[in-house]
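Have a look at the fold first, then read on.

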Amino acid sequence: MNIDSIKNGVVIDHITAGRAMELYRLLGLDGVGVPVAIITNALSSKKGKKDIIKIDADIPVDLDVIGFVDPGATVNMIKDGAVVEKKKMKLPQILKNVLKCKNPRCITTTEQELPHVFRLTDADHKTYRCIYCETKAK
Ligand SMILES: [Zn+2]
């Protein structure tokens with residue numbers, strides 16, 4: 001795979017240096033079976049150093065996960081070798097099935113079919129709380 005020229009795929013750019021692996025894991029990219037390149041500590045004019053993830057396949061990525069891990073990232077959609085869409089990330093208001101509630105008394109512990117939903121309650125401190133029991137996620 002030529003990491004500089006993706007024909008159809010997704011490039012996640014301006015990831016804070018050191019966060020690419022966490023993002024890779026949370027996006028489930030280890031299980032998708034398509035070429036993925038991770039570039040760490042690339043030089044960036046904006047941030048000094050940054051990480052980049054290049055996905056050489058037109059697969060759906062969960063933008064909420066990217067916004068949660070790194071609200072400063074940008075997502076470029078590549079079609080026929082050109083950027084067709086550039087998306088700026090922000091902290092999502094709702095996170096579904098990304099975090100798991102750690103409260104043993106939470107209803108999600110007994111009701112396995114319930115989705116794990118967290119709501120952003122404090123954007124400055126990046127605080128998410130379980131919508132069922134209000135337990136803090138981090
Ligand atoms: Zn809970």
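In this predicted model, three strands make up an open sheet, ordered S6-S7-S8, with antiparallel pairing. Strand S6 (94-96) and strand S8 (127-130) sit at the edges with a single partner strand each, so one side of each has no neighbour in the sheet. From one strand to the next, the twist averages 35 degrees (axes are lines fitted to C-alpha atoms, and angles run from 0 to 180 degrees between N-to-C directions).

**Ground rules**
- Residue numbers start from 1 along each chain, following the sequence as written.
- Because the model is predicted, local features need pLDDT of at least 70 and side-chain atom pairs count only at pLDDT 80 or more, while totals for chains, interfaces and linings use all residues.
- Strands (E, at least two residues) and helices (H or I, at least four) are DSSP runs, numbered from the N terminus.
- Two strands pair if DSSP finds at least two bridges between them.

**Inside the sheet**
- Strand S7 (residues 117-122) pairs with S8 in the antiparallel sense, over four bridges.
- Leucine 120 is opposite tyrosine 128 in S8.

**Aspartate 58**
- Aspartate 58 lies in the loop between strand S3 (48-55) and helix H2 (63-69).
- Aspartate 58 has 14 C-beta neighbours inside 10 Å, so it counts as partly exposed (20 or more would be buried, 12 or fewer exposed, with C-beta atoms placed from the backbone).
- Valine 32 is 26 residues from aspartate 58 in sequence and 11 Å away in space, C-alpha to C-alpha.

**Domains**
- The protein splits into domain 1 (9-88) and domain 2 (94-130), with bounds from an automatic or database domain assignment.
- The centres of domain 1 and domain 2, taken over C-alpha atoms, are 24 Å apart.
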